[in-house]
Amino acid sequence: MKVEQIYTGCLAHAAYYIENNGEAAIIDPLREVQPYIEKAKKDNAKIKYIFETHFHADFVSGHLDLKEKTGANIVFGPTAKPNYEAIIATDNQTFKVGDYKIKVLHTPGHTMESTTYLLIDENDKEHGIVTGDTLFIGDVGRPDLAQKVSEDLTQEKLAGYLYDSLRNKIMPLSDHLIVYPNHGAGSACGKNMSKETTDTLGNQKKVNYALRADMTKEEFIEEVLDGLSDPPGYFPQNVMMNIKGYESFDKVKSKSDNPLSPQEFESAANETEAIVLDVRHQSEFIKGHIPRSIFIGIDGGFAPWVGALIVDVSQPILLVAPEGREEEVVTRLSRVGFDNVIGYLDGSFQSWKNSGKDYDTITSISAEELEQRYPNNKDLIFDVRKDGEFTAEHVLNAHHTPLDTLNSYLKDFPDKETFFVHCAGGYRSVIAASILKSRGIHNLIDVAGGFGAIKKTTIPRTNYVCPTTL
């Protein structure tokens, strides 16, 4: 049986394409749907079904655009209540795609409508399971997201449903089945996902902590909820877009294709509530940027950081992007529901600089220079990495303010004394510096290369603790 995976970005989201005898199905399509249409055309196949494993929180699905362009039927599992036409399947219902079969297994827990799709080949042999966010490689989906949508649900109740789904629907299946999860390492939909993209169910039963045969429901609930960080603030908004519907991607792209001269750009920034979002490389942003602009580089963990730090998907955005990459940025923003790009700086930052308008810079020093300054600045080092990274190892006396919580702790930074900001490699610290400067805090210095560079110096650090033992 042929099952093609399509991955994109650091979200590591997988969409699945299945084709047989001139019919095709897409499971959990991404926002821009043209690649699926072109793939089906190349295979001389008609897209018959669009299967959704659940109402996604971390991205806006392409199901509605794909239905509009192909006429394919959208399929959800039991209990789903979308605000548009769709097939709401029953548990164990089977759909045919050519000679293949796709069987619905209702597996609530991550969300109440969460569904796993059992793939059956032309010989009626069970091939694999597309598990959505129910089962990952090395982990399971976090059961605390649906409670943000429904007041009747608690994370403990959802975790109990997930335990039952895994034990009653997934684990009794044959060990040879291939597990096709919808996320890998880097996604916020779980906590300890593997970098591997597939595995056999039999091996997962051996190595996945959540599938231990002797695990009680109480133990499962405790373990699966332990160590969960707060989900990004944009997640509930994406869920509602997937439930209620959204503006077509073609309209979003057309609306955003609005090149602005430096004067037009400045006027738009002054006359609207738009955020100026600069997505160039951090090394370019440091050398020069529009005052009060926010940096989130397109070549880093772009979409998740936009969602975590800007949060409101309706926020108007003005872009400063590398020339020729404006459409790519708009596309990646739209994947997480940020559809309100009102224009971009024509000619990128160079045109702003050439126009003679004021611009700002960020002071950045090497880890070696920080090493020289450390004895007199021990209490002025701020680490913006994640909790696990900081706990594993950090500079002695460093303050810890994870980037995704930065806006809530602005008062923790010195008013007048110069302080130093670092992350792991230099990407997140520049994001942090841009946010701080946009809030009027300019007495900062970025540490180039981050903690990776610091470790090569003699700056005192805590003893390393392997994150897997925490």
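Reader: At what angle do helix α7 and α11 pack?

Author: The model is predicted. In this model the axes of helix α7 (residues 249-256) and α11 are 10 Å apart. α7 passes α11 in a right-handed crossing. The packing angle is about 135°.

Reader: Is α7 parallel, perpendicular or oblique to α11?

Author: Angles from 65 to 115 degrees count as roughly perpendicular and those over 145 as roughly antiparallel. The angle between α7 and α11 is about 135°. Therefore α7 is, relative to α11, oblique.

Reader: Which residues of α11 make the contact with α7, and how many residues of that contact are charged?

Author: α7 contributes Phe-249, Val-252, Lys-253 and Ser-256, and these meet Glu-327, Val-330, Thr-331 and Ser-334 of α11. By class, the contact of α7 with α11 holds three nonpolar and three polar residues, and the number of charged residues is two.

Reader: Against which helices do the buried residues of α6 pack?

Author: Helix α6 covers residues 235-244, and its buried residues are Phe-235, Asn-238, Val-239, Met-241, Asn-242 and Ile-243. After α6 comes Gly-245, with a positive phi near 110°. The buried residues of α6 pack against α2 (63-70) and α11 (326-335).

Reader: What is the handedness of the crossing of α3 and α5?

Author: Helix α3 spans residues 155-170 and helix α5 spans residues 217-225. Their axes come within 9 Å and cross at roughly 115°. The crossing of α3 and α5 is right-handed.

Reader: Which residues of α5 meet α3, and how many residues of the contact are nonpolar?

Author: From α3 the contact takes in Gln-155, Glu-156, Ala-159, Gly-160, Leu-162, Tyr-163, Asp-164, Leu-166 and Arg-167, and from α5 it takes in Lys-217, Phe-220, Ile-221, Val-224 and Leu-225. Two residues of the contact of α3 with α5 are polar and four are charged, while the nonpolar ones number eight.

Reader: Which strands are the edges of the six-stranded sheet?

Author: The sheet is open, has mixed pairing, and runs in the order β7-β8-β9-β10-β11-β12. An edge strand here pairs on one side only. The edge strands are β7 (94-97) and β12 (199-200).

Reader: In what sense does strand β11 pair with strand β10, and in what sense does β11 run with β12?

Author: Strand β10 (residues 126-132) and strand β11 (residues 178-181) share four bridges in the parallel sense, with Gly-132 opposite Pro-181. Two bridges join β11 to β12, where Ile-178 stands opposite Thr-200. The pairing of β11 with β10 is parallel, and β11 and β12 run antiparallel.

Reader: Is Asn-21 buried or exposed?

Author: Asn-21 lies in the loop between β2 (13-20) and β3 (23-27). Its phi is near 50°, a positive value in a residue other than glycine. The relative accessible area of Asn-21 is 55%, and the cut-off for exposed is over 50%. Asn-21 is therefore exposed.

Reader: Is Asp-28 buried or exposed?

Author: Asp-28 lies in the loop between β3 and α1 (34-42). Phi of Asp-28 is near 55°, positive although the residue is not glycine. Most residues other than glycine have a negative phi. With a relative accessibility of 0%, Asp-28 counts as buried.

Notes
Residues numbered from 1 in each chain as written. Predicted model: local features only at pLDDT ≥ 70, side-chain atom pairs only at ≥ 80, totals over all residues. Heavy atoms only, no water. Axes fitted to C-alpha atoms, helices over the stretch in contact; angles between N-to-C directions. Left-handed = near helix turned anticlockwise from the far one by under 90°. Contact = heavy atoms within 4.5 Å. Nonpolar A, V, L, I, M, F, W, Y, C, P; charged D, E, K, R; others polar. Pairing = 2+ DSSP bridges. Buried < 20%, exposed > 50% of the residue type's maximum accessible area, 1.4 Å probe, protein only. Parallel < 35°, antiparallel > 145°, perpendicular 65-115°, else oblique.
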